[in-house]
Amino acid sequence: MRRYRMQSAFLSQGWAQGATVTVSDEGFISAIDVAPTGAPQTLSGEEHIDGIVVPGMSNAHSHAFQRGMAGNTEYRLSARDSFWTWRTAMYALANRIEPDDLQILATQLFVEMLKSGYTAVAEFHYLHRKRGGGAYSGTNALWEAISNAASVAGIGLTFLPSLYQTSDFGGKPLKAEQMRFESDTYTFMRAVEERIDADRSSRSATLRTGVAFHSLRAVPLENLREAALGLRKLDASMPMHIHVAEQLLEVQACVRETGQRPIELLLDTGLLDPHWCLVHATHATGEELKGLAAAAATVCVSISTEANLGDGFFDTARFLKAGGRLCVGSDSQSTVNPAEELRWLEYQQRLRKKRRGVLATGAETHVGTRLWRDAAQHGAQAIGQPAGAIEVGRRADWLVLDASHPSLVGAAADTALDHLLFAGGDAAIRDVMVAGRWAIKDRRHAAEDDLRPRFAALMRRLVAPE
Ligand SMILES: [Zn+2]
């Protein structure tokens with residue numbers, strides 16, 4: 001057990017100038033006393049935290065291997081470059097990665113996530129097979145690479161093996177470049193079940209297994225239903241994620257094939273509940289947004305990736321007004337920064353509506369506070385991790401902002417999160433705790449010196465022609 005005397009903290013009930021937080025040996029918050037902490041004197045078993053403590057953010061959507069292409073696809077191939085031409089480059093990378101490469105990429109990425117304020121991540125993982133398409137015997141080395149990376153980095157991980165079976169609506173067979181992603185429903189369910197059993201016996205405070213369905217393009221609806229119902233019986237709160245309406249072409253193809261839009265189809269299955277997360281509900285209608293809000297499912301917006309790929313605008317204001325639960329993710333890793341994701345949610349609305357403060361409310365007038373608090377809580381819900389707020393019973397996952405950093409100097413007690421989002425305050429993230437352990441201390445991670453040359457060598461190899 002350890003006690004932390006915090007100078008300033010954003011607790012679930014609001015800002016506290018002085019709080020003492022007790023953390024169990026397992027990394028969970030067991031008590032909070034709100035009172036001025038006085039002079040920074042350290043009693044035995046106590047640590048004084050000088051700075052502003054805020055909840056860590058959950059990254060609800062990540063494909064770790066794509067860290068290997070960030071910055072390398074920002075040039076013009078044709079006058080009609082799009083998501084679909086980017087995808088060709090992504091497949092080429094996916095078909096070069098070996099398990100050791102994936103572990104280096106993911107470890108580097110997870111350290112970057114921690115430094116930018118993500119304390120847990122949902123890894124939406126569809127690299128299942130060896131190069132060439134053969135199956136791994138026994139433990140899947142590509143799955144293990146992600147778990148090992150999370151453990152070295154010290155980040156919370158919700159691993160989401162992703163079902164991937166077809167190349168388009170109507171059961172179209174996979175293309176040659178998609179063969180590493182393939183899994184039949186039964187084998188997939190068995191592999192997830194084994195992993196859940198292993199999670200239960202390891203009793204890890206930071207690791208859990210969920211599941212993803214790549215998209216309605218890639219999973220026939222009847223297979224999705226069978227797997228979702230079967231897996232729900234194994235774990236009533238298992239996170240279930242799906243890419244849903246990122247591209248207009250995919251919405252149109254779905255309508256042509258089924259007569260319904262993707263989100264309509266999912267709502268009609270009756271499967272959606274608070275443990276579902278719909279990623280990129282970009283082209284949702286108003287009715288669909290209301291349906292998702294009513295189901296209490298979360299929507300993950302990764303505005304940096306959606307902007308990078310030219311997907312379209314998500315109507316955040318309308319979704320939040322309907323009571324929708326929103327979270328963020330780094331997705332393609334072109335940007336790994338929760339403050340930037342949230343800032344652009346608001347800026348996109350300002351640009352469209354020609355107003356300011358669009359996503360604030362009467363009850364929470366600070367845009368930064370509203371967006372950070374809600375995305376942290378709903379992100380934790382989406383990925384099924386007991387985090388997202390500083391309160392008793394939740395895991396001790398938090399960030400310490402350096403109050404003397406130029407981006408925060410002059411921040412009043414209740415504007416720190418506004419500075420974090422809108423005034424470069426992400427540069428003030430100094431320390432990061434996950435499950436009661438400091439993963440980042442004074443802006444440094446214990447593994448980063450060892451990691452840097454290995455990551456550099458890997459990147460040089462990946463950008464060279466094969
Ligand atoms: Zn994605």
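How many residues of domain 1 are in contact with residues of domain 2? I looked it up: 21 residues of domain 1 touch 23 residues of domain 2, where contact means C-beta atoms, placed from the backbone, within 7 Å.

Ground rules I jotted down: residues count from 1 along each chain as its sequence is written. The model is predicted, so local features need pLDDT of at least 70 and side-chain atom pairs pLDDT 80 or more, while totals for chains, interfaces and linings use all residues.

Domain 1 is made of 2–55 + 389–435, and domain 2 is 57–383; the bounds come from an automatic or database domain assignment. Over C-alpha atoms, I have their centres 29 Å apart.

Next I checked the side of domain 1 that touches domain 2. Strand S5 (46–55), helix H13 (416–422) and strand S16 (429–434) each supply at least two residues there. H13 gives the most, with five residues. (Helices are DSSP runs of H or I, at least four residues; strands are E, at least two; both are numbered from the N terminus.)

Then the helix pair. H11 (338–353) and H12 (367–383) pack at about 125°, axes 10 Å apart; axes are lines fitted to C-alpha atoms over the stretch in contact, and angles run from 0 to 180 degrees between N-to-C directions. I therefore call H11 and H12 oblique, the label for whatever is not under 35 degrees (roughly parallel), over 145 (roughly antiparallel) or 65 to 115 (roughly perpendicular). Leu 342, Leu 345 and Glu 346 in H11 meet Val 367, Leu 371, Trp 372 and Ala 375 in H12.

Terms used. Two residues are in contact if their C-beta atoms, placed from the backbone, lie within 7 Å.
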